[in-house]
Amino acid sequence: MNKVQLEELEIRTFRQGDEMVIAQFQEMLWTGGEEWNLAYFRWKYEQNPYLDTRLIVLAFEHEKLVGMVAGFGANWIDSNGVTQQWPCVSDTLVSPIYRTKGLFMCLLNELIELAKQNGLDRLLDFGDQPAGIAMLLNGWKSVGPWGTASLKKAFNLEGSETWIDGNFQYSTTPNLELAVMLLSNAQNPASNRHLIDKNYLTWRFANPLAKYYFLEYTHGSDKGFLVGHRTVTDQAEGNTPTTITDCAATSQLVWQQLIEKAVQSLPGREILVWLKGLSREKIDVLSSMGFCQKNITGQLTKDHVLPNLMMMKTDGLVDTDSQFVELDNWDFTGICGRSWR
Amino acid sequence: MYKMDNIKEQIHDLLLEELQIRVDNDQVDMIEMGLIDSIGFLTLFVGLEERFGIKVLDEDLHSPLLSSVSGIEKFVKQKKQAL
């Protein structure tokens with residue numbers, strides 16, 4: 001099979017009625033079963049506050065879906081303070097029989113063209129998958145990657161109850177006012193950063209394939225907010241770590257106390273944290289608690305498992321602007337970890 | 001241990017042993033021909049690093065050399081000379 005046979009596929013954008021076919025096809029990635037996959041699709045593309053289904057590209061062999069690449073809406077504030085719509089590439093999946101046939105790049109190039117037609121100047125991809133290599137080979141720019149830290153801990157079962165312990169409150173429902181205040185205050189205003197407001201966080205925490213665990217700290221004017229994340233298909237007994245996707249506080253001490261409380265109380269056997277954006281002092285705190293760091297090596301074959309940001313300008317020009325290509329100019333507060341999965 | 005004059009032979013061995021890819025023409029574009037995908041490249045890079053003691057970096061992927069056997073040979077030689 002070669003590119004000539006790829007031309008026999010129907011490659012087109014999403015149409016109403018494709019939802020269930022997508023939910024079935026994406027079981028390979030989403031693993032939630034038809035009902036939950038459908039809910040996830042609707043959440044991600046139909047209930048997204050910034051963009052609809054217009055950036056979904058599908059490949060059909062007759063009536064059978066064999067490939068998908070999509071972009072979901074994400075609103076950013078660039079380092080000049082201008083709000084930008086930079087969708088994130090997501091849910092890239094090609095049926096096994098079409099792998100190594102060029103279909104993935106064909107779909108991705110269609111997506112870039114589609115974004116351009118919709119007046120969008122840039123696509124982002126937070127990938128830690130091998131597909132990133134194909135993207136780099138085809139002109140995508142790598143901004144990252146960045147390191148992570150993880151800690152094996154005493155096993156905890158899933159906890160769905162709400163409890164209060166001194167100044168801490170644990171819940172599966174977020175305090176949005178507190179989250180917006182602390183997370184937006186934690187952002188570097190001189191960086192490219194995601195818009196954080198109540199609307200965004202309400203949508204983000206409604207992800208039907210995610211389980212979120214919220215820890216709050218309140219003592220007078222000292223406040224803190226931490227989010228733990230797992231997917232609904234991750235069993236607490238399994239090996240998938242619980243990711244601390246957000247942790248913001250009014251002081252370093254409160255931040256540290258939140259992390260310590262999270263290690264004690266979050267479900268699972270392991271806690272994972274991104275190091276991007278953490279100060280030296282905070283990384284030292286993690287080390288003192290026993291977190292093991294996985295740092296970048298500069299070697300593609302070792303770093304491909306780390307989180308990364310890749311991007312592509314839709315005009316096809318090579319991105320050289322330091323505002324975008326330097327990792328230090330990006331702030332990932334509010335989107336960290338597996339929060340969009 | 002490899003010799004500079006059998007780099008190409010080593011690359012062919014690597015492609016065949018690790019990826020079951022037999023390339024008859026050293027100039028052929030393996031991406032264009034759909035012979036290799038991302039996971040294949042990752043395997044290829046690990047093999048190149050192990051056999052030749054080089055390091056493949058993100059920016060190396062912008063090199064057009066990596067799509068053919070003769071290009072990969074040049075890439076390895078450049079990397080070796082830079083060590």
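Predicted model: local features only at pLDDT ≥ 70, side-chain atom pairs only at ≥ 80, totals over all residues.
**Entry 1: α1 and α2 of chain B**

I began with chain B. Two packed helices are described by the angle between their axes and the distance between the axes, and I looked up both. The axes of α1(B) and helix α2 (residues 38–52) of chain B come within 10 Å, with a crossing angle of roughly 135°. Angles over 145 degrees would count as roughly antiparallel, and this pair is therefore called oblique. I noted the crossing of α1(B) past α2(B) as right-handed.

Which residues meet here? On the α1(B) side I wrote down I7(B), Q10(B), I11(B), D13(B), L14(B), L15(B), E17(B), E18(B) and L19(B). On the α2(B) side they meet G40(B), T43(B), L44(B), G47(B), L48(B), R51(B) and F52(B). I sorted the contact residues of α1(B) with α2(B) by type and got eight nonpolar, four polar and four charged.

**Entry 2: α2 of chain B by itself**

I stayed with α2(B) and checked its length. The helix has 15 residues, and its first and last C-alpha atoms are 21 Å apart, close to the 21 Å expected at 1.5 Å a residue.

Then I asked which residues of α2(B) are buried. My list reads S38(B), G40(B), F41(B), L42(B), L44(B), F45(B), G47(B), L48(B), E49(B) and F52(B). I spotted a charged residue among them, E49(B).

**Entry 3: α1 and α3 of chain B**

Helix α1 (residues 7–19) of chain B and helix α3 (residues 69–82) of chain B have axes that come within 9 Å and cross at roughly 120°. That angle makes α1(B) oblique to α3(B). Here too I wrote "right-handed" for the crossing.

From α1(B), the contact uses I7(B), K8(B), I11(B), H12(B) and L15(B). From α3(B), V69(B), I72(B), E73(B), V76(B) and K77(B) take part. I counted these contact residues by type as six nonpolar, one polar and three charged. The spacing along the helices made me recall a rule: an α-helix has 3.6 residues a turn, so residues three or four places apart point the same way.

**Entry 4: a positive phi in each chain**

Q20(B) has one, with phi near 55°. I found Q20(B) in the loop between α1 and α2 of chain B. Is Q20(B) buried or exposed? Its relative accessible area is 60%, so Q20(B) is exposed.

D91(A) also has a positive phi, about 55°, without being a glycine. This residue sits in strand β6 of chain A. At 8% relative accessibility D91(A) counts as buried, because the cut-off for buried is under 20%.

**Entry 5: α4 of chain A**

I listed its buried residues as N37(A), L38(A), Y40(A), F41(A), W43(A), K44(A) and Y45(A). What covers them? The cover includes the helices α2 (19–25), α3 (27–30) and α8 (198–204) of chain A. It also includes the strands β2 (56–61), β3 (64–72) and β6 (88–94).

**Entry 6: α9 and α10 of chain A**

Helix α9 (residues 252–265) of chain A and helix α10 (residues 280–288) of chain A have axes that come within 11 Å and cross at roughly 30°. Angles under 35 degrees count as roughly parallel, so α9(A) and α10(A) get that label. I noted their crossing as right-handed.

In the contact, Q252(A), W255(A), Q256(A) and I259(A) come from α9(A), while E281(A), K282(A), V285(A) and L286(A) come from α10(A). By type I have four nonpolar, two polar and two charged.

**Entry 7: two loop spots in chain A**

Where is the cis peptide bond? I found it joining G144(A) and P145(A), with omega about 0°. P145(A) is in the loop between β8 (141–142) and β9 (148–156) of chain A.

My last stop was T172(A), in the loop between β11 (168–171) and α7 (176–186) of chain A. With a relative accessible area of 35%, T172(A) is partly exposed. The C-alpha atoms of T172(A) and Y212(A) are 6.1 Å apart, though the two residues are 40 residues apart along the chain.

Definitions and conventions
Residues numbered from 1 in each chain as written. Chains lettered and ligands numbered in written order. Heavy atoms only, no water. Axes fitted to C-alpha atoms, helices over the stretch in contact; angles between N-to-C directions. Helix = DSSP H or I, 4+ residues; strand = E, 2+ residues; numbered from the N terminus. Parallel < 35°, antiparallel > 145°, perpendicular 65-115°, else oblique. Left-handed = near helix turned anticlockwise from the far one by under 90°. Contact = heavy atoms within 4.5 Å. Buried < 20%, exposed > 50% of the residue type's maximum accessible area, 1.4 Å probe, protein only. Expected span 1.5 Å × (residues − 1).
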